[in-house]
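Thanks for coming. I will go through one structure today, starting with a single side-chain pair and then moving out to the whole chain.

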Amino acid sequence: MIEWIKTHNVASKAVALLVAMMMWLYVMSMEKPTIDQPYSGIPVYVKELKGDFVILEGANTTVTVTVQGPSDIIKDINRDKLEVSLNASGITAPGEYNLAYSVSNIPLNVTQTNVYPSRIKLKIDRVVSKAVPVVIDWQGELPDNLLSDAYRVSPEYVTLEGPESYLESVDRAVAHFDRGTVTDKVDDKNLTFELVDGDGQPIAASRLALIKADVTVVSLDLSIKMEKLVPLKAAIEQDMGVVGAVVDIQPAQVTLVGLPSSLDGINQIALDPVNLKSLIESGNYTLEREIPIINGATIKEEHQKVTVTVTMPDYGTRVVTVTQEAFTIGAGYTYPEQSIDITVFGKNDDIAGVGPGSFAIVPQFTADQLPPGEHILPAGVVCSINGITVIGKQTITVIIDEPQVDPAEPTEPENPAE
């Protein structure tokens with residue numbers, strides 16, 4: 001082995017190799033070699049684009065820039081400081097453009113050797129405005145006792161600004177509202193909306209990113225009314241001591257239509273009271289009553305009046321002819337009438353026992369206050385049977401006698417001499 005090493009001069013060769021490597025390291029430390037370095041994913045900045053234009057495609061393009069230079073400079077380059085820009089000042093109409101771009105912020109002693117892609121493709125459109133109507137998409141149903149007769153949305157139109165080709169497909173702004181949650185009127189309810197095309201399909205999100213609306217929400221006012229079935233009641237006044245009178249009202253109930261808050265506490269409608277005495281005196285136990293308006297509500301049914309009928313089981317009236325035997329007798333007057341008819345009211349069993357002898361008729365006057373002759377005067381009627389009521393006001397005719405002249409007293413001549 002030793003002989004082989006000596007024969008092939010391995011030791012000398014090893015020393016030469018070591019010296020060569022040391023010299024190479026020395027040269028490398030003294031000189032800076034040139035290298036190529038690519039930088040990818042650098043965004044393109046589009047400048048000088050006129051304000052009435054917008055980029056539809058190509059705005060997010062990135063490029064790869066390759067530079068060449070000393071290694072110590074290359075390694076210090078900050079990729080984020082490389083600026084790739086495209087001058088769009090020459091764009092004057094919508095369309096597609098393939099434009100060159102430039103790279104800046106490259107350090108000294110470093111050169112740009114390649115860019116990819118070599119040109120940027122942009123799709124340009126004009127920015128326009130368009131007003132679209134706001135439409136409410138009614139979802140759900142109102143509760144059975146609620147109804148809506150009007151609504152208002154504000155604003156009625158939404159003004160959009162964006163690419164002309166995008167806005168052409170926008171037909172309306174749709175705001176969704178669930179009526180199933182409504183319990184009362186809706187005031188200034190803010191609703192978000194979405195833009196849809198003529199078929200009701202939402203505009204794609206990628207397009208919405210370039211469309212601006214002048215408002216973000218719309219306001220909804222919804223007029224809500226309630227239907228409520230309410231019974232009718234009528235109280236009796238001057239009940240004449242009647243027990244068990246029945247008041248029948250037809251129709252017995254009506255449907256009120258009004259604001260829920262207005263109808264919430266209404267459980268019945270009170271009609272004007274029924275004067276039982278007046279009914280008995282008239283002999284007509286059926287009358288009409290107007291339905292009062294409560295809290296601004298309206299009546300759904302056509303009728304605005306109802307019929308009220310009063311019945312009194314076990315009660316009735318009777319006409320009794322009372323003769324002069326019941327008339328109060330006094331000095332200075334007489335009765336030309338032989339009898340008067342008196343109407344009485346009471347329980348049927350009680351009025352069956354009423355006869356002419358049950359009454360006393362007393363004219364209401366003082367004889368010396370009336371001149372001689374015939375007079376119709378109010379009469380007081382007294383019935384001796386308990387529980388009997390005399391109906392109506394009674395009158396009686398009396399004749400006031402001429403005053404009696406004493407023959408012993410002188411009289412004045414009718415035509416005394418002057």
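With which side chain does Lys185 meet in a salt bridge? The partner is Asp187, at 3.9 Å from N to O. A salt bridge here is a side-chain nitrogen of Lys or Arg within 4 Å of a carboxyl oxygen of Asp or Glu. Lys185 counts as partly exposed because its relative accessibility is 45%; buried means under 20% relative accessible area, exposed over 50%, and partly exposed in between, with a 1.4 Å probe and protein chains only.

Before going on, the ground rules. This is a predicted model, in which local features need pLDDT of at least 70 and side-chain atom pairs count only at pLDDT 80 or more, while totals for chains, interfaces and linings use all residues. Residues are numbered from 1 along each chain as its sequence is written, and side-chain values use heavy atoms, with hydrogens and water left out.

Back to the charges. Side chains of opposite charge can pair when their charged atoms come close. The count of salt bridges comes to 10. One of them joins Lys75 and Asp76 at 3.5 Å, N to O, and both of these residues are exposed. Another joins Lys121 and Glu96 at 3.9 Å, N to O. That pair links distant parts of the chain, with Lys121 in strand β8 (residues 120–139) and Glu96 in strand β5 (residues 95–99), 25 residues apart. Lys121 and Glu96 are both exposed.

Next, the overall dimensions. The C-alpha trace spans about 205 × 75 × 40 Å along its principal axes. The radius of gyration is 57 Å, whereas a compact globule of 418 residues would have one near 22 Å. That radius is taken over C-alpha atoms, and the globule rule is 2.2 Å times the number of residues to the power 0.38. Of the 418 residues, 31% are buried. Among contacts between residues at least 6 apart in sequence, 72% join residues at least 24 apart, where contact means heavy atoms within 4.5 Å.

On secondary structure, the protein has 8 helices and 29 strands. These are DSSP runs numbered from the N terminus: helices are H or I, at least four residues, and strands are E, at least two.

I will take two sheets. β23 and β25 (residues 339–347) pair over 9 bridges, and Arg318 stands opposite Val344 in β25.

The other open sheet has 3 strands in the order β16-β22-β20, again with antiparallel pairing. Its edge strands are β16 (246–250) and β20 (286–290), each pairing on one side only. Between β20 and β22 (residues 305–311) there are 5 bridges, and Arg289 has Val306 in β22 as its bridge partner.

Last, one histidine. Is His375 buried or exposed? His375 is buried, with a relative accessible area of 18%, and is found in strand β27 (residues 373–383). A polar atom of the His375 side chain lies 2.8 Å from the backbone oxygen of Pro371. Leaving aside residues up to four places away in sequence, His375 touches Leu370, Ile396, Thr397, Val398 and Ile400.

Conventions: Two strands pair if DSSP finds at least two bridges between them. A polar contact is a pair of N or O atoms within 3.5 Å; within protein, one must be able to donate a hydrogen and the other to accept it, and residues adjacent in sequence count only if both atoms are side-chain atoms.
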